[in-house]
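Good morning, and thank you for joining.

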Amino acid sequence: MRRIARELRSPVPVSSALDARIMGAVRRLPRHTRLSLWSRLTTRRTVTVMPLSWGVLAAALLVFALLGLRHASDDLHRASKPIANALFPSIQKPAAPQRVQFVLVAPDAKKVAVVGDFNGWDASHSAYQAQHRGGGVWSVTAPVPVGHHRYSFVVDDSLWVADPTAPRVIDYDFGMPNSAIVVQEER
Amino acid sequence: MEAGSSDAVIVSRVLRGDVEAFGELVERYRDRYARYAFHMLGNREDAEEALQDAFTRAYRSLKRCEEPERFGAWLFRILINRCRTLGARRGRRAQTFVVDEAALLGAAEDHPAEASAWREEIERALKSLRADQREAFLLKYVEEMGYEEMSQLTGVGVSALKMRVMRACDRLRELLSEVHSA
Amino acid sequence: MICLGRVVAALLLVAPAALAQDARLSARLDKPTLVAVTALVDSARGAKLPTAPLVDKALEGAAKGSDGQKIVTAVRQLSHQMGSAKRVLGSNAGPDEIKAAATALAAGVSEHDLAVLRAASGKRPLTMRLAVLTDLIGRDVPVATATSLVVQLARSGVRDQDLALFQRNVRADIDRGADPTAAATTRARGLVLRPASPGTKPSE
């Protein structure tokens with residue numbers, strides 16, 4: 001392999017006009033003009049204002065103040081839903097979270113929790129603490145939003161265990177395994 | 001222009017409107033990335049098109065380069081994607097065209113005929129690999145990257161990359177040992 | 001010119017999300033990691049990619065005790081993968097599809113194969129198909145074989161619940177010692193050849 005790689009590392013000749021072609025194409029593009037912060041702050045701009053806008057702005061500030069107190073999702077799509085529902089009640093509400101049972105066989109465990117992207121990977125979240133049902137079987141039925149999620153079990157606050165019965169996620173970002181679940185709306 | 005300015009300095013100049021400064025980046029990365037594009041696509045014409053396309057795109061979206069000091073890696077990522085697109089679109093060129101290119105490349109060996117024949121065989125074997133395996137092999141063995149870096153550039157997980165490199169090596173060994181035993 | 005309407009819209013939509021996001025991340029990440037991750041999330045938002053998966057990835061890394069550099073690398077990689085996924089699947093792809101597609105790309109599925117699966121699935125969402133595909137690869141079915149099987153199943157119009165059953169059956173077969181490729185191929189053939197019946201139980 002080293003011999004092959006050494007061969008392949010030899011330079012490859014390119015046409016003498018290549019650089020000129022590249023720069024020719026680049027020069028035809030709009031030139032970058034990055035303004036300094038001071039320039040951006042002091043450059044005059046025209047702002048269009050409709051009289052109706054002042055009323056809308058006042059209403060927006062009120063809604064923002066009220067909604068800022070709620071725990072909203074960081075996803076733009078999810079954040080817009082409570083606002084949209086408050087302003088436009090006819091818009092369809094999102095599907096309610098579904099109750100999903102998680103089961104892990106761990107006879108030697110003292111504590112089992114479910115963590116995932118539906119609870120901020122928080123092993124101390126009370127709704128996702130599994131109960132021991134006897135015979136080494138741990139389970140919890142907890143709310144999971146409709147959609148695609150990644151999750152895992154945390155055993156005794158230290159051992160991360162993928163769900164052996166669930167689809168696997170090839171996920172080596174942090175060296176610990178995950179499982180996938182696709183929750184669909186009950187009809 | 002100062003000699004040997006870092007990528008970040010040059011990027012900053014380009015963003016302030018000095019389009020000619022971009023030529024320094026072209027000169028800095030052209031040879032290395034031409035080599036990669038040539039081996040991925042199999043011929044000089046396609047390689048130069050991919051390279052030109054990559055540099056143009058890099059210039060156009062230069063403001064979105066989050067780490068200007070690593071402009072080279074960012075540009076490489078763009079080039080890898082261009083090679084994928086061009087490779088999928090164009091398919092393979094005639095084998096003889098590749099042979100001509102390989103003959104032109106030649107190495108300063110004692111036995112130039114043998115050297116260029118060996119080179120031709122390598123190029124032919126490389127072309128027979130699946131595109132994703134060829135890509136992984138080139139990044140690992142020719143560009144001498146680590147798997148983490150390869151993963152960042154390609155968006156493919158480390159384990160998948162290792163599998164691709166292993167399969168590429170197996171296939172190349174198989175093909176090239178057939179040549180030698182023939 | 002700046003339209004005041006856009007300012008109002010930005011205020012309404014971005015600020016509450018940003019508040020909640022910052023609170024969870026700043027509670028769990030150190031300052032340099034928080035700055036880097038926030039920049040990546042903002043960049044993804046600008047590219048109209050779902051940002052929740054990026055925040056979740058950072059929270060996952062923090063929960064698993066990873067160092068800041070690994071977290072930033074993982075978030076950046078996921079952002080790239082979601083960008084690729086969105087490019088292939090089109091602007092109508094939902095956040096779940098993009099997440100599932102990014103996971104599939106990380107597993108070694110190519111963008112080309114993703115496009116083939118998209119075309120084979122018509123208007124049906126890809127989420128379950130991609131989750132099953134990723135699972136097969138994770139159970140050592142070669143990428144090309146797994147992709148081919150799932151594309152065939154998609155072309156035959158298989159429903160999500162049948163796909164879920166298919167995954168469970170393949171897993172059960174492998175757990176009992178079957179070769180992964182043989183198990184997946186056999187179960188897929190059975191699914192394509194016979195009509196799916198409701199209430200079919202997985203084999204024990």
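Predicted model: local features only at pLDDT ≥ 70, side-chain atom pairs only at ≥ 80, totals over all residues.

Although K48(C) is not a glycine, its phi is positive, near 60°. Is K48(C) buried or exposed? With 11 other C-beta atoms within 10 Å, K48(C) counts as exposed, because the cut-off for that class is 12 or fewer.

E144(B) lies in the loop that joins α7 (131-142) to α8. Here too a residue other than glycine has a positive phi, of about 55°. E144(B) is exposed, and 10 other C-beta atoms are found within 10 Å.

I turn now to the contact of chain B with chain C. Chain B contributes 10 residues and chain C contributes 14 residues. On the chain B side, α8 (147-154) and α9 (158-181) each provide at least two of the residues that touch chain C. That side of chain B comprises four nonpolar, four polar and two charged residues.

Finally, I come to a pair of helices from chains A and B. Helix α2 of chain A (residues 18-27) packs against helix α3 of chain B (residues 44-60) at an angle of about 35°, and their axes are 9 Å apart. The crossing of α2(A) and α3(B) is right-handed. Which residues meet there? From α2(A) come L18(A), R21(A), I22(A), A25(A) and V26(A), and from α3(B) come E48(B), Q52(B), F55(B), T56(B) and Y59(B). By class, the residues of this helix contact are six nonpolar, two polar and two charged.

Note on methods:
Residues numbered from 1 in each chain as written. Chains lettered and ligands numbered in written order. Axes fitted to C-alpha atoms, helices over the stretch in contact; angles between N-to-C directions. Helix = DSSP H or I, 4+ residues; strand = E, 2+ residues; numbered from the N terminus. Left-handed = near helix turned anticlockwise from the far one by under 90°. Contact = placed C-beta atoms within 7 Å. Nonpolar A, V, L, I, M, F, W, Y, C, P; charged D, E, K, R; others polar. Buried ≥ 20, exposed ≤ 12 C-beta atoms within 10 Å, placed from the backbone.
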